[in-house]
Amino acid sequence: MYDLVVKGRVVAPAGIVEGGWIAVSDGLIAAIGTGAAPTASTSRDYGSAYLLPGVIDGQTHAGSQIGFAGMGPTSRAAAMGGVTTIVDMPYDDPDPVTTGALLSEKIDAVERLAVCDVALYGTVPTSPNREHIAELIAGGVCAFKISSFEAHPHRFPRIGNAATHWLLETLGGTGLPVGLHNEDQEIVRSLAATFRAEGRTSPSDHSPSRPEVAELTATANFLELGAATGSHLHIVHISIAEGFDLVRAYRDRGVNASAEMCVHYLLFDAAHDTPRLGGLLKVNPPIRSGQKDALWQVLEAGGCTFVSSDHSAWPLDRKQNASIFDVAAGMPGLETLLPAFFTGASARSGGDAAARMTADLLSDKVATFFGLPRKGKLAPGFDADIAVLDPTPGVYDSKRNADGPGWSAYDGVEFAATPAATFVRGRQVWDGAAITAPAGHGRFVARPER
């Protein structure tokens, strides 16, 4: 007898299994089939709902405001959205994860506070330390992240060209991706000063103050710095189709280059949405005008590695200010990543094709990219991480998350489907109304050393 059987439309690697079931033993998928389901201690029948591989959100910021304690509310928001693993960025308050000791502290917080599984990025200070890098690799980080723009001198510094090149040479034989926040500091700071002096401080001034050339220049600089190092060069968010063209050009030269897309670039348009949402829509790089269709075409052509949320749940008072330059950049996105992406994809290609695309770009490719064992697929031997997506339209309301920030750029948006349940390693952590697993169910997922 199995521990659990979950019934529904199984989005398996080979296609959708109609009237399917997933059998679970000891937290792993034991079998997948159709027709009469086997007996189990617990059975859940979700009818016509899609059973997707649990979403892996490849870019979250759990600790940017309250440090490692943020792992609790962030992981609960993930569970509510069908996300079974988060890949968390290293820019925690007060200290970024630059040493093995800090990594150990964060892993401890994961295993005490999280309800979903967690993989972790590491980072380096402005003068990288080889021993600390080795500690982070041995500790199981799945990637490194640096920035070409200083958001904070200690927590989120700019890593200069010399240090970046040294880091890329150091990591060249490890197989670990090095992700870049890609904005040129000189261009952005000069334009921001000009805009402030001219009184151009409205939400509509945000995108032109951080123009496309700043994004493309930083991207090209990073790719060229790393082109001969053998390192895996990754751009963590690109807002314009030309950025993906640039990455592809380097890949065509034989450079190990990749790029991801944040879901908000696919769903929002600055010209249409900024007037109604104001500072709530501020992210960096900015949401652009007239790019949505071109970005969807990038996805459909296979030009993007995976899609993430860049979740950052700022309190509402940090998103409201008379000057857009004094508004925090970032938005909550874990609860909405799955339904938002599925909604956009289904509008272009229909529900079943959207479900397959969702499994590919929000699960399978993310697990492969970060080297996460037993994650990303509904297949025997893999972790029983399952997102149940009910194809019934629903209007999103951020206030259903009692310990969330109480706002979302997606409030009032009708999604084509709703996350109805979430299972992490065979245990139900979300039942469509409440979190059903205790803090500490989540585990740290280490990337095996090469």
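Mentor: The seven strands of an open sheet follow the order S3-S2-S1-S4-S14-S17-S18, and their pairing is mixed; strands are DSSP runs of E with at least two residues, helices are runs of H or I with at least four, both numbered from the N terminus, and two strands count as paired if DSSP finds at least two bridges between them. Strand S3 (28–34) and strand S18 (427–430) are the edge strands, and because each has a single partner strand, one side of each is left without a neighbour in the sheet. From one strand to the next, the twist averages 30°, with axes fitted to C-alpha atoms (for helices, over the stretch in contact) and angles running from 0 to 180 degrees between N-to-C directions.

This is a predicted model, in which local features need pLDDT of at least 70 and side-chain atom pairs count only at pLDDT 80 or more, while totals for chains, interfaces and linings use all residues. Residues are numbered from 1 along each chain as its sequence is written, and side-chain values use heavy atoms, with hydrogens and water left out.

Within this sheet, strand S14 (residues 386–390) and strand S17 (residues 418–424) run antiparallel and are joined by five bridges, with leucine 389 standing opposite proline 419 in S17. Helix H12 (residues 337–349) lies across strand S4 (40–53), S14 and S17, and runs at about 55° to S14, where contact means heavy atoms within 4.5 Å. Helix H13 (residues 351–370), in turn, lies across strand S1 (2–12), strand S2 (15–25) and S4, at about 105° to S4.

S9 runs parallel to strand S8 (residues 143–147), to which four bridges join it, and leucine 180 in S9 is the bridge partner of isoleucine 146. Between S8 and S9 the chain passes through helix H4 (residues 161–171), making a right-handed β-α-β crossover; with the strands pointing away from the viewer, the path from the first strand over the helix to the second then runs clockwise. S9 also pairs with strand S10 (residues 232–235), again in the parallel sense and over four bridges, and here glycine 179 stands opposite histidine 234 in S10.
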